[in-house]
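Please read them alongside the sequence and the coordinates.

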Amino acid sequence: MEKVRFAIIGVGNMGSVHAKNLLSGKVPDAVLAAICDLRPERMAAVTSQPGGKKVMCFTDYHRMLCSKAVDAVIIATPHY
């Protein structure tokens, strides 16, 4: 069985927690394939974690979705 390739839009507070869980293997049959955020420093914090070097980074979610690099997306942006 192939792993589901996840993306996270917004890697601030909650998004970074989701990223950590995916990178550490806490989610069976899932891999963090891409992240999207407007702030490069937030993406750098994710990619500097163990296993984070393989994660693709985007600042435009349209480009991320068009890349076809992901199967599922977690939207972790503020609700307001």
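1. Helices (H or I, at least four residues) and strands (E, at least two) are DSSP runs, numbered from the N terminus. On that basis K68 falls in the loop between α3 (61–66) and β4 (72–75). The model is predicted: local features need pLDDT of at least 70, side-chain atom pairs count only at pLDDT 80 or more, and totals for chains, interfaces and linings use all residues. Residues are numbered from 1 along each chain as its sequence is written, and side-chain values use heavy atoms, with hydrogens and water left out.

2. Two loop residues deserve a look at their backbone angles. K68 is not a glycine, yet its phi is positive, at about 60°. D29, in the loop between α1 and β2 (30–36), also has a positive phi, near 60°, and is likewise a residue other than glycine. For accessibility, buried means under 20% relative accessible area, exposed over 50%, and partly exposed in between (1.4 Å probe, protein chains only). K68 is exposed, with a relative accessible area of 67%, whereas D29 counts as partly exposed because its relative accessibility is 37%.

3. Strands are taken as paired if DSSP finds at least two bridges between them.

4. The individual pairings can be checked by residue. β1 and β2 run parallel over six bridges, and the bridge partner of I8 in β2 is I35. β2 and β3 are parallel too, over three bridges; C36 stands opposite F58 in β3. Contact means heavy atoms within 4.5 Å. β2 is mostly covered, with six of its seven residues buried.

5. A pocket is defined on a 1 Å grid over the protein atoms alone, as an open set of points where a 1.4 Å probe fits, with protein on both sides within 12 Å along at least five of seven lines; lining residues have an atom within 4 Å of a point. Grid points are joined across faces, edges and corners, and the volume is the space filled by probe spheres set on the points. The largest pocket has a volume of about 380 Å³. Its lining has 19 residues, with G10, R42, A76, T77 and P78 nearest the centre. Helix α1 (residues 13–23) gives the largest share of the lining, four residues.

6. What is the make-up of that lining by class? The lining of the largest pocket has nine nonpolar, seven polar and three charged residues. The classes are: Ala, Val, Leu, Ile, Met, Phe, Trp, Tyr, Cys and Pro nonpolar; Asp, Glu, Lys and Arg charged; the others, Gly among them, polar.

7. A76 lies in the segment after β4 and is buried, at a relative accessible area of 18%. Leaving aside neighbours within four places in sequence, A76 is in contact with I8, I9, G10, M14, G15 and H18.
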